Amino acid sequence: MSDEAKDDVVKVIRTPVQLDYNYSAGRSASRFLRSIKEGKLIGQRCPVDGRVYFPSRGSCPQHGVPIEGEPVELVDRGTLVTFSIVRIPAESVPLEIPFVTIQVLLDGADTILMHLLGNCDLEKVHMGMRLKARWKPKEEWEESVANIIYFEPLDEPDADYDSYKEHI
Amino acid sequence: MNPTEESLSAPHVLDYTYKRSLGPILSQFFTGLRDKKLLGVKRKDGSVLFPPKEYDPDTSESIDEMVPVQDVGAVKSWAWVAQPRKQQPLDKPFAYALIQLDGADTTLLHVVDGGSEAGMKTGMRVKARWADETIGSIKDIACFEPA
Amino acid sequence: MRDVAVVGFAQSQSKRREVNLNDTEIVIPVIHELKKGKNLKNEDMDFVCSGSSDYLAGAPFAFVMGLDAVGAWPPVCESHVEMDGAWALYEAWAKIQMGYAEVALVYGFGKPSMGDLPLTMALQLDPYTQTPLWPDAISMAALQARICLEAGVLTDRDMAECASRDRRNAKDNPYAQVKGDFSIEQILADPYLVNPLRKHDCSPISDGASAVLLVAGDRAKDYCDRPAWIKGIEHICEPLDLNVRDLTRSRSTEIAAEKAGVGNAKVDVAELASPFSHQEVLLERALGLGADTNVNPSGGAMAGNPMMAVGLSRIGEAARRIWDGSAGRAVAHATSGPCLQQNLVCVLEGN
């Protein structure tokens, strides 16, 4: 350190915290992740009102009851509920800007999934679009929602607003 | 579903890069460490808090009269760490200790490179060993060693 | 003061490592059991309050997921403390005193097995001069134990007596993690874990959760034949730094006990959340407990120590003994911070 720096007063110190964890996903998320490794999308049904949570976290967050029944398998297509076009890069996001984050309501599900939209001109993105999943090659599948690279437009008429308005 | 199926797990590192503002009292304390000087603060009753605080812990009065303390003192209590974790200051067995430095009326929590558990004793005299580079950190004192 | 009673309690088994469930999934069956047992609907609850620590989960805002176990739609009146659930109970009690609630659900949960708990506890220390040295919780407790031993205020035999009693009592507690018959001689013959602490002087690391139901006034009788009325509750805090505290006694527990009225009458049962045996000796003294008090019939924290739930569980365990008539007056204790820095004392009575 130079003599000049030594004249300075210490006003700020660095106190980094680094701790190691072995994070456990839990029963519900583990089942979801093991299924997606096989290319299956599973949700769970609330025993009170039958709504399908996708993914499920083991309880119905509305009624506060455990969800323990058989899983519900969902198709890999759905409706774009809402979206945001991201034009600002972030260190922790390894995507080229601009990209489109979306909330997609899978057919048969009652909760939305956060994902990305691909293969679509930015000016054509709109609510109600019908989408399907673009999967990675099967040999690359792991226990991750990133097995779906993005959702892309389906050649179908837009969904009726009433079919997804409660998820906005 | 198999209810006894084990949960998936994955390693996760919690990594916070905190920077902390010091304020006038701790700024003098850490500047002192950088310059290899130990500064405590005098309470109204004349006793010296080391490390210093901005306030008297009994009366809550503001205190700001900085006074030097020595880099030697006595161990008031100690706990032997046989298997240090990677975050801990020394990579060989050592003791955490409460050390009352000469000129101070309170103890400093720090570490003693005591060699072995048998070499540790309450009341033993220890002296600060400075780090090769001092930057304004409690770890500018690398450790204490038997004096 | 309004009359407020503990009328329900549920807890999970304390486990060294819960391999199947995440922390929210540990809470779900506990709250479900409590609600089902008391036929409690979400619309019956005026207030929900929880205690947990995001550092145990290693994720910011991890506590928000805990609310999934309660059910929060339509939205509920809710609060959270980054402390043991016993402090969440205090907040709920205060809320009821202020007239904002009649029925409150309180829960605490933690899954410390995901990290290195003794090291994680260094994050509660002074972040400028202490945390950078990463003193683990066992070393911190050992510093205090040595001071007590060398000052002659207690002996390692006193410590072993606590450990032996707690492990023996825990044999009757199906939720306990560490239990069995260990004689004082057996314990004293063990090697040190961190000198002067032996393994038996330390509470276990436990994953777990617990939940308590509080109800005000006459409505308490709707939920419980013999409610455990909160006659006094107080929490008192000492400075964080060990170097300005008297570590040979628990001054904050003494003050809390006095304010809560522990000494006003005989204490039949006391449940202590003491993480280390020497601290249990100090707590018994600070609370003024004598031979006529049954201390830690559940085994206390030494038998099962689910971080952020263990203190709340002490209140539940104490209340349970009021409900079944085995105690007329009980004291529960919770602690937070290094070396008994902050202590909560709760007095429960059947009449």
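Q: What makes strand β1 (residues 12–14) of chain A a partner of β2(B)?
A: In this predicted model, three bridges join β1 of chain A to β2(B), and the two strands run antiparallel.

Q: How do you know which residues of chain B are in contact with chain A, and how many are they?
A: Two residues are in contact if their C-beta atoms lie within 7 Å. By that criterion, 24 residues of chain B touch 24 residues of chain A. Elements that contribute two or more residues to this side of chain B are β1 (9–16), β2 (19–21) and α1 (23–34) of chain B. The greatest contribution is that of β1(B), with eight residues. By class, this side of chain B has ten nonpolar, nine polar and five charged residues.

Q: Which elements of chain A supply at least two residues of the side that touches chain C?
A: The contact takes 24 residues from chain A and 27 residues from chain C. On the side of chain A, the elements in question are β2 (17–24), α2 (27–37), β5 (59–60) and β6 (65–66). The largest share, seven residues, comes from β2(A). This side of chain A divides into eleven nonpolar, ten polar and three charged residues.

Q: Why is chain A called more spread out than a compact globule?
A: The radius of gyration of chain A is 21 Å, whereas the globule rule gives 15 Å for 168 residues. The value for chain A is well over that of the rule, so the chain is described as more spread out than a compact globule. Along its principal axes, the C-alpha trace of chain A spans about 70 × 40 × 35 Å. Chain A contains two helices and twelve strands, which follow the pattern α-β-β-α-β-β-β-β-β-β-β-β-β-β along the sequence.

Q: Why are β4 and β7 of chain A called edge strands?
A: Three strands of chain A form an open sheet in the order β4-β3-β7, with antiparallel pairing. Each of β4 (52–53) and β7 (72–74) pairs on one side only, and these are the edge strands.

Q: How do you know that β3 (residues 41–45) of chain A pairs with β4(A)?
A: Two bridges join β3 of chain A to β4(A), and these strands run antiparallel. At least two bridges are needed for a pair, so this count meets the requirement. In this pair, R45(A) stands opposite V52(A) in β4(A).

Q: Where are the domains of chain C, and how far apart do their C-alpha centres lie?
A: Domain 1 of chain C comprises 4–113 + 205–223, and domain 2 comprises 229–349. Their C-alpha centres lie 20 Å apart. In the contact between them, 30 residues of domain 1 meet 22 residues of domain 2. The domain 1 side receives two or more residues from each of β1 (4–11), α4 (85–97), β4 (103–110) and β7 (208–216) of chain C. The largest share of that side, six residues, comes from α4(C). The residues of this side divide into 17 nonpolar, eleven polar and two charged.

Technical notes
Residues are numbered from 1 along each chain as its sequence is written. Chains are lettered from A and ligands numbered from 1 in the order in which they are written. This is a predicted model: local features need pLDDT of at least 70, side-chain atom pairs count only at pLDDT 80 or more; totals for chains, interfaces and linings use all residues. Helices (H or I, at least four residues) and strands (E, at least two) are DSSP runs, numbered from the N terminus. Ala, Val, Leu, Ile, Met, Phe, Trp, Tyr, Cys and Pro count as nonpolar, Asp, Glu, Lys and Arg as charged, and the others, Gly among them, as polar. The radius of gyration is taken over C-alpha atoms; the globule rule is 2.2 Å times the number of residues to the power 0.38. Domain bounds come from an automatic or database domain assignment.
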